[in-house]
Amino acid sequence: MLQAKNLTVEIGGKTVVADATFQIRAGDKVGLVGRNGAGKTTLLKVLGGDLAPRSGTVERGGNTGYLSQDPRRDQVPDDTNCLAHVYSGHGLDELQTRLEKAALAMEEDPSSAHIHAFTEAQERFEAAGGYAAESEVRRIAAGIGLRDDRLDLTLGALSGGERRRLELVRILFGGSDVLLLDEPTNHLDAAARTWLLQFLRSYRGALLVISHDLGLLDEAITRVLHVDRDDEEAVGRVVEYKGTYSQYAEARFRDEEKAEKRAAHQASEIRRLKVLADSMRGQTAKRARVARTLDRRVARISSEKVAAPKKRRGLNVRFPTPPGCGRTVLTATDLWHAYGPVDVFQEISFDVGRGERLLVTGLNGAGKTTLLKVLSGRIEPAIGEVELGHSVSAGYYAQEHEGIEAGRSLLDHMLEASDASASDLRGLLGMFGLSGEKAHQDAATLSGGEKTKLALAQLVAGRHNLLLLDEPTNNLDPASREATGKALAAWPGTMIVVSHDLEFVKALDPDRALLMPDGLLDYFADDMLELVELA
């Protein structure tokens, strides 16, 4: 059970939600919705215990599993074993370590004291379900689409998508009484998404989920909490609706229609009464009294005045014409990379021509993200080299927003990406819906969707002619995803893209596809779209 009482939440010195009170009981399946930047992720962080509220209380009954958009938030060392990290969600990691140390001590010195310590550690591990744990973890991982061999690696060897999947496995294995999930279907293929939906349908605890996956919201939830906040300067409130997302959307539309009509009626009535009162002033005493009565009616209506819902402005994204460059934009020769003893890919060779669109595809864990990091120069390949063509400027979009740093404002990030004036860069931020004083906000406090917009704005500011894009439409709401997809599809520069967004790939219409981890290169055809969904 989860209960919020008179909860006020702020971020960057601004109040995003005030006096929110709601309850989620065992068996409740609740969707947390609202526009990008309304404060959903911040509210979920408070509910999950990652942030403290400005005022009010949050009560959690039992264990809470919180899936953040950023799995690196817990700062677990990269050399942590993946299976041990999952065990930590159930408290088994310490018991396993104690058992391993006791076994080693017994082997070195089989004294009665060491035998007793080993037996005690073994009994505690077994009582906690330790011996059955590994098969259960691997079953959940298979459902989520995380390859079995990835559990034997360290966290640092995983791609961003795999790291998110592992965190989801950890939470589901933990047997939580409350699940707080922020975009749980990001990085999931069709089969994994189906498995997760089935799990959430049968889940008996309290569930609160943020998602742009409208199918999930329709299939897995029965209530909606809407964060009603029109713009960055507004103070939001939480409004509850019963039913699926589609039912909420219909009810919300009706409520906004009613509010718009009532606001128009009130404004018309205020104008009418003011004109009538003004016409009676300075005349007889009786007419003056009527004018004062009309003034009181105006004041009463004004005090009860409702605000008409603001029309949402869609993004109008435009990427500038790229600077000229040589005919061959990038050449990769015999690329080979490994994490420890595990080869991620080997002997990858290809080149990309001016204006070409290359789709990098393959199953999760095939090395797509690692390849883009190598091409961008973020990491060095174990073997091979990457050569950029004449006058090529490469811009890299990282799916986990690694380039967005805490303690620095949005404008600071933009100034690093470009030598344009601050006013021009603020205009670019505004094009992505990051306007006003938000430019001075700490970039680490942004939602996932807003971080995506900031990273894309940096690409625009950089005036690049080669874009290396790793899941560029993740975390965006449907309207923003469509606008961004159209802008990239219309851009005439060169792109190397990793994406499992089917509609975006269709709009992009790639020229060729590179199948990882084998490095097979072929012309793109519609029958490859099935692999895009699985990626």
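The second largest pocket of this predicted model holds about 720 Å³ of space; a pocket is an open set of points on a 1 Å grid over the protein atoms alone, with protein on both sides within 12 Å along at least five of seven lines, and its volume is the space filled by probe spheres set on the points, which are joined across faces, edges and corners. Its lining consists of 27 residues (those with an atom within 4 Å of a point). Nearest the centre lie Arg481, His500, Asp501, Leu502 and Glu503. Helices H7 (190-202), H8 (214-220), H15 and H16 (502-508) each give two or more residues to this lining, and H15 gives the most, with five. Helices (H or I, at least four residues) and strands (E, at least two) are DSSP runs, numbered from the N terminus.

S12 (residues 357-361) and S16 (residues 494-498) run parallel and are joined by three bridges, and Leu358 has Ile496 of S16 as bridge partner.

Residues are numbered from 1 along each chain as its sequence is written. In this predicted model, local features need pLDDT of at least 70 and side-chain atom pairs count only at pLDDT 80 or more, while totals for chains, interfaces and linings use all residues; side-chain values use heavy atoms, with hydrogens and water left out.

Technical notes:
Two strands pair if DSSP finds at least two bridges between them. On a 1 Å grid over the protein atoms alone, a cavity is a set of points where a 1.4 Å probe fits but cannot get out, and a pocket is an open set with protein on both sides within 12 Å along at least five of seven lines; lining residues have an atom within 4 Å of a point.
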